[in-house]
Structure formats: C-alpha cells, structure tokens
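Please look through the sequence and the structure shown below, and then read the notes that follow, which are grouped by topic.

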Amino acid sequence: MVKKVLAIITLTMILISALCVPALAEGTGKSYVYDNMGNATEIPDPYRVRNTISDLKLNSPVDMCLRDDLLYILDSQAIEGEKNEVCQARIVVVDRDYHLVREFTFRKGEDAWRFKRPSGIWVDKDLTVYIADRDDNRVVLADIEGNYLNDFGKPDSDLMTQSSSEYYPTKVLTDDLGIIYIMVENEYRGVVTLNRDGDFMGYFGANNVTLTGDILTNLFWRRFMTEAQLQRMQKILPTEYTNFAIDDAGFIYCSRGPTADMKEMIRKINCKSKNVLANTDGSFGDKGLSQVRGLTKRTRFSAITVDEKGFISVLDSTWNRIFQYTPEGHLMFIFGGQGNQDGTFQAPADVESWGDDLLVLDSDFATLTVFEPTTFGANVRQGEYLYTKGEYTASLEPWEAVKTECMNYLFAYTGIGQAQYMQKDYKNAMANFKLAGDQSGYSSAFQMYRGEVTGKLFVPVFLLLLSLIVLLLVLNMLKKKGIIKHKKLVLDQSGKFKYAVHTLFHPIDGYQEMRYNRKYSMPLALIFVFLYFFTDVLIALNAGFIFNGLSAAQYNIFITLLMDVGVIALFALANWLMSTFFEGKGRLKEVWIYLCYATMPMIVHNVLYLILSNVLTQEEGVFLTYMRIIFLAWMLLMGLFALQGLHMYNFRRNILSIICTVLAMLVVLFIVFLMFNLFIQFFSFLETVFTEAMYRIVVGF
C-alpha cells in the first residue's frame with residue numbers, strides 16, 4: 001500500500017513539473033556550422049521562436065517587405081465563382097508588435113483588379129505598391145490603398161524581343177533613384193531594370209558561366225558539329241537569380257540556385273553591376289551533397305534579406321534551412337529545417353529581417369514565424385558588429401562569452417584573433433587564428449610578429465653572420481697558403497657515401513663511375529628512401545600551419561608510404577621487366593638502389609620546406625612552390641641519368657624505356673585492382689552460399 005502511495009505521489013510530481021516548463025521554444029536543436037575541415041559541427045541554437053503568428057487569416061502567403069516600420073504581406077487568395085486562372089492579391093499590414101493594422105485588395109476604379117499569379121511585393125519610399133504578377137507577365141503599381149496606378153508588361157526592346165523565353169516577372173524592388181528592378185524567371189542575363197516610366201534601361205548584375213570540365217568538353221566538340229546538331233545541343237547558360245533584396249546603402253543582394261561555383265550563390269552587387277562578395281574566402285550553402293531516392297540534392301537559395309547591421313540571411317528551399325552570413329560573406333550559423341515543430345517549416349516562401357528578428361513566411365501553414373536571437377546568437381552578432389565598427393576592445397567580451405558557451409565554434413576564435421590583431425597582440429592572435437583554422441589571419445599576424453622578433457634579434461644575428469663571413473675568409477686564406485690542406489675527391493678511392501654525394505651534383509658521370517667501380521650500397525639506398533619517407537611524414541605533421549591545413553587526426557601515414565616507397569618499388573620492378581626488351585644491363589637490385597639514390601634532392605627539399613614553411617608568410621609561399629618544382633625536376637633528372645648509366649642506353653632508348661615502364665605500371669595496377677575486385681566478389685559469393693546453407697539447415701529443406 002505504501003509503495004502505491006509513493007508511486008502516485010511521484011507520478012503527480014512529474015506531471016506538475018512538466019506543466020511548469022515554460023512554453024517559449026528554445027530552437028530546434030538542428031543548428032550547425034562547418035569547421036575548417038568541412039565537417040558539420042553542432043552548435044547552440046542562434047535563434048529561438050518567439051512567436052508563430054497564425055491569426056492573420058492568411059490563405060497562401062507568397063512574399064513580404066518592410067516599409068516605415070510596417071510589414072506588408074502579399075497573400076494570394078482565390079475568388080469565389082471565378083475561374084482558377086485568376087485570383088485576388090490581398091495585402092496584410094502588420095505593426096512592430098505583429099498585430100494586424102489593416103488589409104486591402106486592389107481595384108481599378110470600381111472594379112476589382114484580377115491577378116493570375118502574384119509572386120512578389122514591394123513598397124517604395126513614396127508608398128507606391130508594386131506587385132509582380134508572374135502569369136500575367138506584368139508588374140502592377142497601386143497606391144497604399146490598393147488603387148490601380150499603372151502596370152508594366154514586357155519591355156519594348158530589341159534585347160527583350162530577341163529572347164525566345166516567356167516574360168515571367170517574379171520579384172520587384174526599387175532604389176532611392178526610382179529605378180525599378182524586376183527579377184524574371186528563366187532570365188539568365190541579369191535583373192531587368194526600368195525607369196520610373198517603365199522604359200527598359202538594360203540588365204543589372206549579369207551572371208557569368210562557371211567553366212567546368214563538362215562545359216569545356218562541350219565547347220570543344222561544338223567546333224566539329226553541324227548546324228543541326230548545334231540546334232539540338234543544350235545551350236551553355238549561367239544560373240538565373242531566384243530572389244533579391246536591397247540595403248540602405250543601395251547594394252542589391254541576389255540569391256541563386258545550385259551552381260558549380262558556390263562562391264557565386266550569393267552576390268552583393270554595387271551600382272557598377274559588380275559583385276563585391278566575389279573575393280570571400282568561403283563558399284555559400286551546404287558543403288555536402290545528399291542523395292534522396294537516387295537524386296542529388298543541393299542547396300537552392302530561394303529568398304534573401306539583409307538586416308540593418310549588414311548580416312545576410314538566406315533561405316534554402318531544398319532543406320528549408322536558414323543560412324546567416326557576415327557582411328563580408330563568412331558563414332555564422334545554419335538553423336531551421338523541414339518539419340512541423342516550432343522553428344521548422346513546411347514550405348517557406350520568404351525571409352525578412354526586422355531589427356534583430358528574423359521573420360519566415362510559410363505558405364503551406366499560412367503562418368509567420370518570428371525568430372529572436374538567443375544569448376549565443378546575440379553574442380556572435382554583437383561581436384562581429386562591434387569589430388566591423390572598429391570597436392575591437394569592446395568586441396572581445398561577446399566573443400569570449402561565445403567561446404565559453406560553445407568551445408567548438410571556430411568563428412569565435414577568428415573574432416578574438418581579429419580583435420587581438422587590431423590591438424597589436426600578434427602572438428595571442430596567432431594562437432586563436434590557429435585554433436580557428438584561419439590560415440590567412442594567422443599569416444597576417446605571423447608577419448607582424450615576425451617583424452617584432454626580427455627587430456629584437458637583428459643586432460645579434462648580424463654580428464653572428466659577420467663573424468661567420470670573417471671565419472670563412474680566414475679559412476680560405478689559410479688553405480691558399482697551404483696551412484690547412486684540402487683533400488680532393490678521388491672517386492675510385494672514396495667511400496660509397498661520397499659517391500652518392502658526387503652523383504647529386506654530377507649525375508651523368510657519377511652514376512656511370514659508380515657502376516664501373518661498384519660503389520653502390522643497398523643499406524645506403526634504404527637509408528635514403530627511408531629519409532625521403534620520414535621527411536615527408538614530418539612535413540605532413542610539422543610543416544608551418546600557414547601551408548599545412550592537414551590535421552594530424554586525419555593524416556594517413558600508409559598513403560605516404562604507398563606514394564613514396566610503393567611508387568619507387570613499382571617503377572623499379574616495371575623498369576627491370578622492360579629492360580629485358582631493350583637489352584638493359586641493370587639488375588633489379590641495381591635499379592632499386594639507383595632510384596633510391598635519386599631521392600636525395602627531395603630529402604634536401606623536404607628539410608628546407610620544413611624549416612621555411614615555419615618562417616614564411618602566405619604571400620611568400622610562392623617561393624616554396626618554385627623550390628618544389630626545382631627539386632622535383634632535379635630528382636627526375638637524376639632518375640633519368642641513373643637508368644641511362646645503369647642500363648647503358650643512349651638518350652633516345654632511355655626515354656622510350658621510361659615511357660614503356662610507365663605503361664607497364666598502369667597494366668600492373670589494373671591487374672591488381674582487377675584481382676582485388678575478384679577477391680571481393682569471391683568472398684561475397686562464399687558469404688551468400690554460407691548464408692543460404694544456414695537458412696536451409698534452419699528451415700529444414
């Protein structure tokens with residue numbers, strides 16, 4: 001009896017506790033960003049749902065815009081008794097508290113104005129309402145009461161009439177000069193611009209075609225096609241815009257659907273029609289692709305907005321997520337998703353920013369979701385905003401709060417590093433940039449820190465170099481006077497290591513003399529190839545952060561072993577086999593030794609690279625590229641002359657032998673992969689037979 005009473009009391013307490021939980025939604029738990037390796041990382045929700053407004057009696061909302069602290073929502077509503085081809089555009093006006101202020105429809109005189117498919121709304125500074133009617137091929141102008149003023153159809157221009165596609169205006173906006181910008185579906189040449197009178201002015205923010213391998217291949221084959229084939233061939237056109245927005249400075253932000261160049265999915269276009277976000281070091285949209293029922297799903301931005309602080313928020317209609325970026329185009333966070341709970345959407349139609357709030361219009365649910373920043377999201381926005389205003393010291397406090405709340409949010413370390421850099425705290429800035437994986441920021445801080453250290457060490461280093469120069473001059477003088485005797489290299493009396501060093505600078509004569517005097521060594525060759533492999537491993541793990549973005553956790557030493565030792569071994573085997581056809585004199589052991597000796601230049605390169613990569617900046621990295629090309633060419637020349645001297649070929653036969661060796665390597669690799677595939681199929685067959693036999697034993701037949 002006592003147990004039953006305790007159980008009832010416990011259950012009652014649990015129910016009371018559940019009822020006492022606040023109703024405020026704290027987010028969806030689906031927020032994430034990408035780390036410096038491109039992996040999705042979960043973060044605290046940057047926004048929470050403050051309210052989901054469903055009492056506006058919306059039917060099928062399609063678009064919204066802000067003007068004079070009022071929100072205008074375009075609602076498409078069917079007309080009773082009318083055919084399905086026409087509908088009524090109802091404008092719902094909402095105040096800052098998200099209360100209904102009024103609503104109105106459109107009329108021309110005494111008659112209601114009929115729309116076919118209203119898809120975009122804009123209210124200019126003069127309170128003129130613009131409605132883009134897609135299926136009626138026009139933009140309708142009305143006053144703030146809904147009285148018809150004018151309408152603009154397809155512009156009368158040769159550029160427009162030459163287009164074979166239909167004229168489908170989907171979105172519209174104006175700037176402070178009164179220029180009308182119309183986004184047209186299937187229009188790849190850019191945004192259509194009209195003057196106040198509706199006269200065609202041209203295209204704004206034209207897209208460019210991103211060259212890919214498929215496009216280059218098609219361009220090549222087009223040269224050999226007939227006119228009939230060219231007519232049937234798909235045209236190479238840039239991806240069209242999907243939506244746009246304008247900020248207080250007059251910049252127009254355009255969103256695009258899936259494109260090969262992910263840096264161009266969002267464009268910030270100035271008055272000269274140039275994209276000023278083109279130099280961002282990141283890419284827009286989801287980095288990974290998803291497969292759904294065999295189809296590849298990619299990010300498609302369908303709506304875009306810019307708040308008063310310059311933060312860019314875009315809506316992905318593929319997965320119903322919201323991406324928010326800094327004014328420079330760096331990803332801050334991703335949240336939202338497909339679903340029925342608060343903070344997710346079924347068919348989001350538009351996104352709008354109102355102060356720090358984000359508004360999402362859902363056409364299926366006919367609701368307006370109001371998001372407000374959480375503490376985490378507010379600190380991220382505040383830290384970035386203060387930094388862009390030049391208040392570097394003040395920006396450190398919100399960034400430190402972000403780091404405390406989420407240790408794996410790398411953008412916080414970038415923000416701290418940027419603030420410390422502007423405060424000339426370069427050493428700590430380097431540490432935070434490294435934690436963030438920001439190689440560019442680290443390089444800038446390192447350059448300034450290197451300047452500070454160099455200034456302090458200039459006098460001691462200068463005196464040391466001066467002393468070394470004097471010492472070398474004295475030694476050279478003593479050698480000339482015979483006080484210090486200098487021994488010349490006599491190859492036939494020298495050791496095997498000296499022979500190896502001699503071949504480094506005299507490969508043609510060195511390899512021939514080494515073969516003639518048999519001064520090669522298998523242990524020495526193994527040491528060289530080990531050093532080649534070992535220094536490659538050191539570079540992968542200990543090269544300067546500016547030039548080595550590979551983390552130790554993702555490094556695979558077996559790949560390095562295969563690429564270094566495996567390639568040399570396979571080449572040696574293939575070359576020895578080919579030497580039987582070209583009457584080569586070398587044995588397999590000698591081919592291996594000679595090729596291992598040829599790796600000496602790359603050993604020197606790896607040591608130099610390991611040192612220089614830790615003292616050079618990103619801008620100076622081109623020197624490392626040139627150095628690698630030089631030493632790689634040096635190694636290849638050593639290998640070339642090594643095989644020529646070993647097999648006693650002339651230059652022409654040696655080149656032909658190497659070409660055949662490479663072909664033989666490809667044949668061997670093909671056979672290996674074929675055998676590997678056969679083994680997999682064989683073991684799969686055995687597994688199937690075993691499974692079938694066990695099933696027969698269990699069922700008894």
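A residue is called buried if its relative accessible area is under 20%, exposed if over 50%, and partly exposed in between, as found with a 1.4 Å probe on protein chains only. The model is predicted, so local features need a pLDDT of at least 70 and side-chain atom pairs count only at pLDDT 80 or more, while totals for chains, interfaces and linings use all residues. Residues are numbered from 1 along each chain as its sequence is written, and side-chain values use heavy atoms, with hydrogens and water left out.

**Nonpolar cores**

- A nonpolar core is a set of buried Ala, Val, Leu, Ile, Met, Phe, Trp, Tyr and Cys residues joined through side-chain atoms within 4.5 Å, and the largest one here has 46 residues, of which Tyr-511, Met-514, Phe-528, Ile-593, Tyr-594, Leu-595 and Tyr-597 touch the most other members.
- Helices (H or I, at least four residues) and strands (E, at least two) are DSSP runs numbered from the N terminus, and the elements that give two or more residues to this core include helix H11 (507-517), helix H14 (588-597) and helix H16 (621-647).
- The largest share of this core, nine residues, is supplied by H16.
- If neighbours within four places in sequence are left aside, Tyr-594 is in contact (heavy atoms within 4.5 Å) with Tyr-511, Met-514, Arg-515, Tyr-520, Ala-642 and Leu-646.
- Another core, of 45 residues, lies apart from this one, and among its residues are Cys-65, Val-191, Leu-194 and Ile-252.

**Aromatic pairs**

- Rings of Phe, Tyr and Trp (its six-membered ring) pair if their centres lie within 6.5 Å, and planes under 30 degrees apart count as stacked, over 60 as edge-to-face and the rest as tilted; by this rule the count comes to 27 aromatic pairs.
- The pair of Phe-335 and Phe-371 is edge-to-face, because the ring centres are 5.6 Å apart and the planes stand at 70°.
- This pair links distant parts of the chain, with Phe-335 in strand E26 (residues 331-336) and Phe-371 in strand E29 (residues 367-373), 36 residues apart.
- Phe-335 is buried, with a relative accessible area of 4%, and Phe-371 is buried as well, with 1%.
- Phe-631 and Trp-634 form a tilted pair, with 5.6 Å from centre to centre and 35° between the planes; they are three residues apart in helix H16, so about one helical turn separates them.
- Phe-631 counts as buried at 11% relative accessibility, whereas Trp-634 counts as partly exposed at 26%.
- Ring pairs also join Tyr-47, Phe-333, Phe-335, Phe-345 and Phe-371 into a cluster.

**Sheets**

- Two strands pair if DSSP finds at least two bridges between them, and an open sheet of four strands with antiparallel pairing has the order E4-E5-E6-E7.
- The edge strands of this sheet are strand E4 (61-67) and strand E7 (100-104), each of which pairs on one side only.
- Strand E6 (residues 87-94) and E7 pair in the antiparallel sense over four bridges, and the bridge partner of Val-94 in E7 is Leu-100.
- An open sheet of four strands, again with antiparallel pairing, has the order E3-E29-E28-E27, and its edge strands are strand E3 (47-53) and strand E27 (348-354).
- E3 and E29 pair in the antiparallel sense over six bridges, and the bridge partner of Arg-48 in E29 is Glu-372.
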